[in-house]
Amino acid sequence: MVVLLSWRVRFAFLVLNWAACSAQSITVNVPLTAPTRAPTLSRSLISFSLEQDRWVDWIGQGTQNPFFFNTLNNLKILAGEPARIRIGADSEDHTNFNPSVQFSESVFPAISTTVPYPEATNNVVGNNYYHLASLLPSGTQVTWGVNFGQFNLTAAFLEATAISNAFTSSALKNAGITLEAIEIGNEADLYTSNGARNSSFNIQQYVSQWTTFATNVTAAANKIFGSNVPLQGAAFAGSSHSASGFSPQGIFQNGILSSSAGSQLKVISQHHYSGSFCSGSNGILQDLMTKSSIRGNLTSYNPDIAAVQQKGLTYVLGETNSYACHGAPGVSNTAGAALWGLDYALFASQLGITRLFFHQGIGYKYNFIQPATLTRSTLDGSQLSEPLAPHIQPLYYAAIIAAEAIGPSGNTRAVELTLSDAQVSGYAFFEGSKLARAVLVNLQAFTSGTRGSVHLTLSESGTGALPTSISIKRLSIPTANATAGVTWGAQTYDTPDGKISGTLSTQTVPFSQGVDLHDTEAVLLTFH
């Protein structure tokens with residue numbers, strides 16, 4: 001009798017424990033045809049902003065860097081279009097031109113535990129520096145920044161001339177590399193705090209000075225190209241969201257489009273980070289991955305996006321990532337950040353953000369790609385016992401999944417799905433108007449213990465052919481704070497050459513069966 005009672009107690013405990021850990025179930029309603037609000041997505045939705053000072057290390061000094069090329073080419077294979085490249089950022093305003101320099105000569109400040117790989121304080125470049133763009137994958141479109149911060153009109157003119165000469169050369173034409181735009185200055189709203197302008201510098205002065213620079217830059221570029229060269233403008237670190245401060249509304253209010261040079265402004269860029277590690281603290285992984293935080297971070301830019309679209313211009317996040325000052329250790333470099341990046345980019349597409357340029361630099365913690373051999377730790381600057389070869393970081397999988405979900409057609413639309421779960425997000429993808437795929441992301445950070453999951457019951461709405469089955473491809477992540485061991489469909493890109501390795505593994509089940517989605521996991525569903 002005692003034994004029987006003990007067994008019953010143990011059985012009851014197991015039942016209760018199973019109930020607590022078993023998957024909850026939510027219904028995912030998937031439209032069979034694209035809603036009218038579903039935007040067409042750029043095939044290069046996730047693109048890259050590169051810190052200008054180490055451009056030569058990224059691309060290769062006269063000889064192609066095969067690792068960087070392969071990681072970019074992977075995305076081109078999936079999406080049919082390479083990621084676009086913006087070369088600029090902080091060192092954009094510390095770059096000067098000297099034709100006697102072969103590639104670049106840079107001066108860097110002392111390292112710190114917070115910023116182990118700081119930006120150059122002085123970066124001098126020559127003509128070949130710009131010609132290296134011929135080593136990018138064919139079809140790549142490049143935005144290049146010129147110096148506005150040092151208020152040296154000659155420097156900006158010479159850089160624009162060298163950029164234009166490079167992109168009209170036979171080498172770049174034959175390689176299929178084009179100049180998308182020239183950007184004049186980086187984060188001018190911070191000039192009063194970094195010493196580039198005095199404390200009275202305001203949006204009116206910015207527009208006046210920018211117009212003067214733009215007039216000279218376009219005079220050089222237009223003459224060489226024989227046509228008007230597009231400009232990318234604003235590139236502010238933040239936004240006042242009003243006409244009285246640094247914002248798209250502010251530059252429009254002050255007539256930036258009214259000049260001849262201003263009429264060449266085609267892209268408005270703003271910069272956004274989800275947090276800051278500049279003081280050496282802050283940065284909690286679950287905070288970064290929280291669904292409501294991702295949405296709150298981005299929807300604050302709705303007024304700016306609307307103002308840009310009203311002018312018929314393209315709106316991009318020209319520099320973005322997780323935590324400013326190159327990322328937070330144990331957060332930006334982890335597998336959990338891959339789920340953040342994926343949801344962040346796909347949700348941004350729903351707001352009218354055409355493209356996101358995730359910022360990258362040699363040794364930065366938040367990189368998708370580490371393209372060069374490192375001798376110091378990216379986390380604290382300490383000397384490594386052995387050099388660290390080029391490698392991807394988990395965030396790279398966000399770009400891979402987005403590229404695969406969008407695909408190569410050029411006619412893919414997407415809509416966010418309404419899900420009654422605080423940490424699960426989803427997006428349906430349509431080829432034209434027909435349902436084709438879906439991405440589902442569980443942003444609940446799993447670090448140890450029993451891993452939770454949610455069962456997604458699929459239902460349909462609208463007219464169109466009802467899928468009978470789904471193929472499931474999983475982003476498998478050991479733990480949210482893991483920095484390696486991530487696989488996509490059982491395959492990995494964490495290889496010595498950056499190319500995919502392993503045997504693809506997917507699962508096909510009836511549509512009516514739905515799918516289980518584990519904490520800290522993403523899946524791509526293909527409808528059949």
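Here is a chat about a predicted model, covering its barrel, its disulfide, and its pockets and cavities.

Colleague: Hi! Which strands close into a barrel, and in what order?
Modeller: There are 8 of them, and the order is S2-S3-S7-S8-S9-S10-S11-S12, with parallel pairing. Keep in mind that this is a predicted model.

Colleague: By how much are neighbouring strands of that sheet turned against each other?
Modeller: On average by 25°, with direction ignored.

Colleague: Can we zoom in? How many bridges join S11 to S12?
Modeller: Strand S11, residues 314-324, is joined to strand S12, residues 355-360, by 3 bridges, and the two run parallel. If you want a spot to look at, Val316 stands opposite Arg355 in S12.

Colleague: And which strands does helix H12 touch?
Modeller: Helix H12, residues 302-310, packs on the sheet and touches S10 (265-276) as well as S11. The direction of H12 makes about 155° with that of S11.

Colleague: New topic. How many disulfides does a search of the whole structure find?
Modeller: The search finds 1. Cys278 and Cys325 form it, with their sulfur atoms 1.9 Å apart.

Colleague: Where in the chain do those two sit?
Modeller: In distant parts of it, 47 residues apart. Cys278 is in the loop between S10 and helix H10 (285-289), while Cys325 is in the loop between S11 and helix H13 (335-350).

Colleague: Is the link of Cys278 and Cys325 right-handed or left-handed?
Modeller: Right-handed, with 95° about the S-S bond.

Colleague: Okay, pockets. How much space lies in the largest pocket?
Modeller: About 740 Å³. Its lining is made of 34 residues, and those nearest the centre of the pocket are Asp90, Glu119, Asn186, Glu187 and Leu190.

Colleague: Which elements supply at least two residues each to that lining of the largest pocket?
Modeller: Helix H7 (191-194), S10 and S11 do. The largest share comes from S10, with 4 residues.

Colleague: How does the lining of the largest pocket split by class?
Modeller: It has 14 nonpolar, 14 polar and 6 charged residues.

Colleague: What about the second largest pocket, how much space lies there?
Modeller: About 230 Å³. This second largest pocket is lined by 14 residues, and Asn333, Leu388, His391, Gln393 and Thr483 lie nearest its centre. Strand S15 (383-388) and strand S16 (391-392) each supply at least two residues of the lining. By class, the lining divides into 6 nonpolar, 6 polar and 2 charged residues.

Colleague: Last one, cavities. How many of 30 Å³ or more does a search of the whole structure find?
Modeller: The search finds 2.

Colleague: Which helix gives the most to the lining of the largest cavity?
Modeller: H14, with 3 residues. Helix H14 covers 396-406, and helix H3 (66-79) also supplies at least two residues. The residues lining this cavity include Arg43, Leu75, Glu81 and Ala399. By class, its lining has 9 nonpolar, 1 polar and 2 charged residues.

Colleague: And which residues line the second largest cavity?
Modeller: Glu51, Asp53, Arg54, Tyr117, Pro118, Gly361, Ile362 and Tyr364. They divide into 4 nonpolar, 1 polar and 3 charged.

Methods:
Residues are numbered from 1 along each chain as its sequence is written. This is a predicted model: local features need pLDDT of at least 70, side-chain atom pairs count only at pLDDT 80 or more; totals for chains, interfaces and linings use all residues. Side-chain values use heavy atoms; hydrogens and water are left out. Two strands pair if DSSP finds at least two bridges between them. Axes are lines fitted to C-alpha atoms, for helices over the stretch in contact, and angles run from 0 to 180 degrees between N-to-C directions. Contact means heavy atoms within 4.5 Å. On a 1 Å grid over the protein atoms alone, a cavity is a set of points where a 1.4 Å probe fits but cannot get out, and a pocket is an open set with protein on both sides within 12 Å along at least five of seven lines; lining residues have an atom within 4 Å of a point. Grid points are joined across faces, edges and corners, and a volume is the space filled by probe spheres set on the points. Ala, Val, Leu, Ile, Met, Phe, Trp, Tyr, Cys and Pro count as nonpolar, Asp, Glu, Lys and Arg as charged, and the others, Gly among them, as polar. A disulfide is a pair of cysteine sulfur atoms within 2.5 Å.
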